[in-house]
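Welcome! Open your viewer, get ready to select residues by number, and follow along one stop at a time.

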Amino acid sequence: MELKEMYREVVNEHNLYPAHRGDMENPDLVLQGVNPSCGDDIYLQLKLDENDIVTEGLFNGSGCAISQASADMMLDLVIGKSREEVLKLAGSFMGMVRSTASPEEIEALEESAALESIAHMPARVKCATLGWKTIQKMLGNIGEATSEQD
Ligand code: ZN
């Protein structure tokens, strides 16, 4: 399958049948992420266990197909991973959409790697990274006394 076709198929699939869309009871962490340039809005909810492993993740919100599919794929990938691993994957994703990630980093993104071609569509990069930026903020601040403003 060609990369472009694969990208389209994956985005459609995750929009029609999102695995992680919904609202969670008693999440440990919640954060809203918005991308005003497109009108994308996601509300991310996570549960972490005592070892900082993401045990559950859901998102809700509205926006374009890419933003919603990317968030769904991201949750597929991060559930079961540690905070550190998630932050590393987020860094790889950011690198991928800037065409600076190594092949190993891209491979580690599994299905999210289908969004690699976003790098050639600068207007859509913020849609694809919305979920990842939101989770970076959520997990990057754990245990830190200061909360940074964006
Ligand atoms: Zn968008």
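In which helix is the place of D72? Select D72 and you will find yourself in helix α2. Keep in mind as you look around that this is a predicted model.

**Stop 1: around D72**

D72 is buried, yet it has no salt bridge. The nearest side chain of opposite charge belongs to R21, 7.0 Å away.

**Stop 2: the nonpolar core**

Next, select L115, W132 and I135. These are the residues with the most contacts inside the largest nonpolar core, which has 40 residues. Colour the elements that give two or more residues to this core: α1 (3–16), β2 (40–48), β3 (54–62), α2 (65–78), α3 (83–97) and α5 (125–140).

Zoom in on W132. Beyond its neighbours within four places in sequence, W132 is in contact with S70, M74, L77, V78, V86, L89, A90, F93, M94, L109 and S112.

**Stop 3**

Finally, select C38 and C64. Is each one buried, exposed or partly exposed? C38 counts as partly exposed because its relative accessibility is 34%. C64 counts as buried because its relative accessibility is 15%, and the cut-off for buried is under 20%. How many disulfides are there? The count comes to zero.

How values were computed. Residues numbered from 1 in each chain as written. Predicted model: local features only at pLDDT ≥ 70, side-chain atom pairs only at ≥ 80, totals over all residues. Heavy atoms only, no water. Core = buried A, V, L, I, M, F, W, Y, C linked by side-chain atoms within 4.5 Å. Buried < 20%, exposed > 50% of the residue type's maximum accessible area, 1.4 Å probe, protein only. Helix = DSSP H or I, 4+ residues; strand = E, 2+ residues; numbered from the N terminus. Contact = heavy atoms within 4.5 Å. Lys, Arg positive; Asp, Glu negative; His and termini not counted. Salt bridge = Lys/Arg side-chain N within 4 Å of Asp/Glu carboxyl O. Disulfide = S-S within 2.5 Å.
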